[in-house]
Amino acid sequence: MVDRYGNHAPEKLQGKYQAMVVCCILGIGGLVSWNSMLTIADYYYQVFPAYHPSRVLPLIYQPFAVATIAILAYHESKINTRKRIIIGYTLFTTSTFLLIVLDLTTKGHGGVGPYIGLCTIVASFGIADATVKGGLVGDLSLMCPEIMQSLLAGSALAGGLTTALRLITKAVFEKSNDSLRKGAMIFLTISTFIEFLCVILYAYIFPKLPIVKYYRTKAASEGSKTVAADLVAAGIHNQSDLTNDDSKNQRLRKKELLLQNIDHAVNLFLIYVLTLSIFPGFLYENTGQHGLGTWYALILVAVYNFWDLVGRYLPLVKWLKVENRKVLTIVVLSRYLLVPAFYITAKYGDKGWMIMLISVLGLTTGHLTVCIMAIAPKGYMGPEKNALGNLLVTFILGGALTGISLGWLWLVGKKNAL
């Protein structure tokens, strides 16, 4: 395989499957801490019953994420991607550990002070998320679609793992004292370990894989400066000869990239507006009382995460991979029919219909995200792919913030909503 600049890819793309495994773990690390908080929301509802944790915490998380990604996306070409991602995972590790410290210090008691401390840590999660997600998507946009897909699948797998663990811990500790708190502490401890593992994997393992070195060398030959530190970490020190041709260093401006991909950006924004307006706040506060009791919201979260994961792997089946941009837009817009469907089902339907709807929501979220993120970077040079990746993440996080804000509308007309 030879690219248009004459660089030869490794004959069998050595290290491809190792890179996919590492990226899957990195994807888990990018969301496991936040998903742990969402999954143990029943514990936070016990500690802070009057503060709407499943709605307030995401509303604090997302503005910090959006502000951070906006700044980093604007300066992406001047930022050391290696340091950026390592700093992000380190912040995730530290913040998750501080959640454990906060709970041990307050002995699991609520109140305004502990809630403010919790919100402060959640804000740091938002900063870490934007730092890691934008950096990784930009970095992996330089590589083959399978590696990007592994990252996105890992993000969904984080939700699946945390939900499965939550169901197990709830069953094991259900009859013991402080059952929710014990489960929450187990979650946070596992999350802290995974975040630390991501620091090690990205810093010492990932840059040395042959396929990763190939794609980063190729990006450097196209004028990318963000990969310089990673190439040094991989043992490639003489990089001046890779960028000595000015014709390779011409790149589209961010405005031009955005205009060429405005449909992808808007589609991603709309996907996450809808998804985050329903998940998780609606599931915890608007689905009413059912025979499953306190298990109901956890089961709905588990169903969403499972189908989100399935959706992110569907594009591996060639005929299920949607690449037509008009078709993608039509499907994204048609998802908004789920809004009246959720409203009617929450008011009049039973749990079977609700499980079906949340399955459709998760499946389409995962499938459409991977389809768009896989096809968007095609045809661009390394620096442009990195810039586009950061721009698309900005729209994802912006959509998430908008969706979480609109999610409060589900409380209109509800007694004792605030």
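**Terms and values**

Reply: A70 is found in helix α3, which spans residues 53–74; a helix here is a DSSP run of H or I with at least four residues, a strand a run of E with at least two, both numbered from the N terminus. The model is predicted, so local features need pLDDT of at least 70 and side-chain atom pairs count only at pLDDT 80 or more, while totals for chains, interfaces and linings use all residues. Residues are numbered from 1 along each chain as its sequence is written, and side-chain values use heavy atoms, with hydrogens and water left out.

Me: Why is A70 called partly exposed?

Reply: Buried means under 20% relative accessible area, exposed means over 50%, and partly exposed lies in between (1.4 Å probe, protein chains only). A70 has a relative accessible area of 39%, and therefore counts as partly exposed.

Me: What makes I236 buried, exposed or partly exposed?

Reply: The relative accessibility of I236 is 23%, so the residue is partly exposed. I236 lies in the loop between α9 (228–233) and α10 (254–260).

Me: Which residues does I236 contact, leaving aside its neighbours within four places in sequence?

Reply: Contact means heavy atoms within 4.5 Å. By this criterion I236 is in contact with K213, T217 and L231. The C-alpha atoms of I236 and T217 are separated by 8.7 Å, and these residues are 19 apart along the chain.

Me: Why is α1 called roughly antiparallel to α5?

Reply: The axes of α1 (residues 16–39) and α5 (residues 112–140) come within 10 Å and cross at roughly 160°. That angle makes α1 roughly antiparallel to α5, because angles over 145 degrees count as roughly antiparallel, under 35 as roughly parallel, 65 to 115 as roughly perpendicular and the rest as oblique. The contact involves C23, L26, G30, S33, W34 and M37 of α1, together with L118, V122, F125, D129, L136 and L140 of α5.

Me: How are the residues of the contact of α1 with α5 divided?

Reply: They comprise nine nonpolar, two polar and one charged. Ala, Val, Leu, Ile, Met, Phe, Trp, Tyr, Cys and Pro count as nonpolar, Asp, Glu, Lys and Arg as charged, and the others, Gly among them, as polar.

Me: How many helices and strands does the protein have, and what percentage of its residues is buried?

Reply: The protein has 17 helices and zero strands. Buried residues make up 56% of its 418 residues.

Definitions and conventions
Axes fitted to C-alpha atoms, helices over the stretch in contact; angles between N-to-C directions.
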